[in-house]
Amino acid sequence: MTKEIKADANKLRQKVEFLDSIGLKSWTDYEAYARCLSYFDENEKAAEYFIEAAQLIEKPMAVFEKKNQKEYTRLKLVQANYYRLAGEKEKSLQQYRELSKLLEDLFHYIGNKEQSEGLLTNHSYCHFFLQDYEKSIYFGNRVKEWVPVSLGFSEGILYGDQSRIEAAMDDVIEDIKREKSLPYYTGAEVSLWDWYEIGKDLLE
């Protein structure tokens, strides 16, 4: 197993207490609360909050669906991740399948390189969770500005190369440290801490 990183339990408790004091209102509040609960091994309760976040994110998604397809697909990817984290496997897979088609259409439509990098990354993410590792690698390799975590994990799985997974995992840990990321940070398509947990499972 590669080196590990520990979540700061005190900061997680402080976040829960803060959210309790102000009350949960937005999808990001529910996401943050669910993430804290999952680190306290309250997984069933966390799943309920992830589902609530998935339902609440429908409102901004509806706003962006006609006005900004790029942001719409990004939020749809966030929502798919909520279903995945809640253990709603079929629902998340259905969402990733729909997303892969939407992203492909959008990528061909946009064409602008700067805007395409994020779309390619999200496409790689989709295919990783669909366990289509060849496609995840294909789209991940087309990203020039950074290396998607999904690329490293997909290569490791497809080629049976544990060292590739370990290298990707080390990158995730370094990113968490550099960005001083906390597990309850919200809004990412797939958070660094999500990738960390996925990497731990792959290295078991």
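Which helices each supply at least two residues of the lining of the second largest pocket? I put this to the predicted model and found α5, α7, α10 and α11.

**Entry 1: the second largest pocket**

I noted a volume of about 450 Å³ for this pocket. I counted 26 lining residues, and Thr121, Tyr125, Ala188, Glu189 and Val190 lie nearest the centre. Helix α7 gives the most to this lining, with five residues.

**Entry 2: helix α10**

I turned next to α10, one of the helices named above. It comprises 18 residues, 162–179, and should span 26 Å at 1.5 Å a residue; I found its end C-alpha atoms 26 Å apart, which agrees. I listed Ile165, Ala168, Met169, Val172, Ile173 and Ile176 as its buried residues. These lie on the same side of α10, because they cover an arc of only 145° around the axis. I recalled that an α-helix has 3.6 residues a turn, so residues three or four places apart point the same way. The buried residues of α10 pack against α9 (149–158) and α11 (192–203). After α10 comes lysine 180, for which I recorded a positive phi, near 50°.

**Entry 3: the largest pocket**

I recorded a volume of about 800 Å³ for the largest pocket. Its lining has 28 residues, of which Arg84, Leu85, Phe129, Ile198 and Asp201 are the closest to the centre. Helix α11 contributes the largest share of this lining, six residues.

Terms used. Residues are numbered from 1 along each chain as its sequence is written. This is a predicted model: local features need pLDDT of at least 70, side-chain atom pairs count only at pLDDT 80 or more; totals for chains, interfaces and linings use all residues. Side-chain values use heavy atoms; hydrogens and water are left out. Helices (H or I, at least four residues) and strands (E, at least two) are DSSP runs, numbered from the N terminus. The expected span of a helix is 1.5 Å times one less than its number of residues. Buried means under 20% relative accessible area, exposed over 50%, partly exposed in between (1.4 Å probe, protein chains only). The arc is that of the directions from the helix axis to the C-beta atoms. Contact means heavy atoms within 4.5 Å. On a 1 Å grid over the protein atoms alone, a cavity is a set of points where a 1.4 Å probe fits but cannot get out, and a pocket is an open set with protein on both sides within 12 Å along at least five of seven lines; lining residues have an atom within 4 Å of a point. Grid points are joined across faces, edges and corners, and a volume is the space filled by probe spheres set on the points.
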